[in-house]
Amino acid sequence: RPARISRPIILQTSLQILDQTTVDDFMVKSVAELLGTSSMAIYRYFPSRDALLGAVADELCRTFHAPRAAATWQDTVTRWLWALERHADRHPAMLYVLSLNGRVSREWVRLTIPITNLMVERAGLRDKQLTIAMYLFGVTAFSILRAIADIRATHAGHLLPRIADVTTDDREVQVLRQTRLRALGKREAIEALIEQYVAGVELLRRRAEGRTRRCAAPARHARRA
């Protein structure tokens, strides 16, 4: 008898495969074989490989468990990004499916709405400052995913060329030896990214407060006149 399949079963099987292989090597045929069915049966639920990968991206976002809010917006953002790191560690393909073909998963956008609200309600950002803060948040989140992938590849020896293949200049060799990614720990890299984001938002807040004070000063002078 043909294997009984469903959309959730196909997605779960696809995630199992992607946890052990790369997106480039992912095939609908592999999903079908693991489920004991045919590729055509999979295509009844997902019209193409990209459609299946897009659904996997949405599923990864839906299964992400955001942490509880902390006492400050800084700690809340920090907790959220570390939770993302743990989720991405369990699902190495997350970086590659979230921005499939240059399009960010709609579930990712929905997932980050609480962070947008946090920037408004607790960090006090509005308008352009809010837009910049959320752009930087997305960059930081994807940089964390990228760091996980890069450090994994670097420690496996797949990413960095030998210094001798890059330069023979003694001074450049010494500089490159001081900046070897192989010596960078994952926690150090992610801590630096999070700290950079928090510092960036605090700078945006100071700029917004400065504009508010400058706008309020002429109003006070006008009332006195």
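Analyst: Contact here means that heavy atoms lie within 4.5 Å. Leaving aside neighbours within four places in sequence, Thr 13 is in contact with Val 31, Leu 34 and Leu 35. Thr 13 belongs to helix 1 (residues 7-18), where helices (H or I, at least four residues) and strands (E, at least two) are DSSP runs, numbered from the N terminus. Because its relative accessibility is 5%, Thr 13 counts as buried; buried means under 20% relative accessible area, exposed over 50% and partly exposed in between, with a 1.4 Å probe and protein chains only.

The model is a predicted one, in which local features need pLDDT of at least 70 and side-chain atom pairs count only at pLDDT 80 or more, while totals for chains, interfaces and linings use all residues. Residues are numbered from 1 along each chain as its sequence is written, and side-chain values use heavy atoms, with hydrogens and water left out.

For the chain as a whole, the secondary structure comes to eleven helices and zero strands. Of the 225 residues, 37% count as buried, and among contacts between residues at least 6 apart in sequence, 69% join residues at least 24 apart.

Turning to the rings, the whole structure holds five aromatic pairs, where rings of Phe, Tyr and Trp (its six-membered ring) pair if their centres lie within 6.5 Å, and planes under 30 degrees apart count as stacked, over 60 as edge-to-face and the rest as tilted. The pair of Trp 80 and Trp 108 is edge-to-face because the ring centres are 6.0 Å apart and the planes stand at 75 degrees. Since Trp 80 lies in helix 5 (residues 73-90) and Trp 108 in helix 7 (residues 106-111), this pair ties together parts that are 28 residues apart in sequence. Trp 80 and Trp 108 are both buried.

Trp 108 also pairs with Phe 142, with centres 5.5 Å apart and planes at 80 degrees, so this pair too is edge-to-face. It links distant parts of the chain, from Trp 108 in helix 7 to Phe 142 in helix 9 (residues 127-155), 34 residues apart. Like Trp 108, Phe 142 is buried. One aromatic cluster is formed by Phe 64, Trp 80, Trp 108, Phe 137, Phe 142 and Tyr 197.

Another ring, that of Trp 82, has the charged end of Arg 187 sitting over it, 4.5 Å from the ring centre; a charge sits over a ring if NZ of Lys or CZ of Arg is within 6 Å of the ring centre and within 35 degrees of the ring normal.
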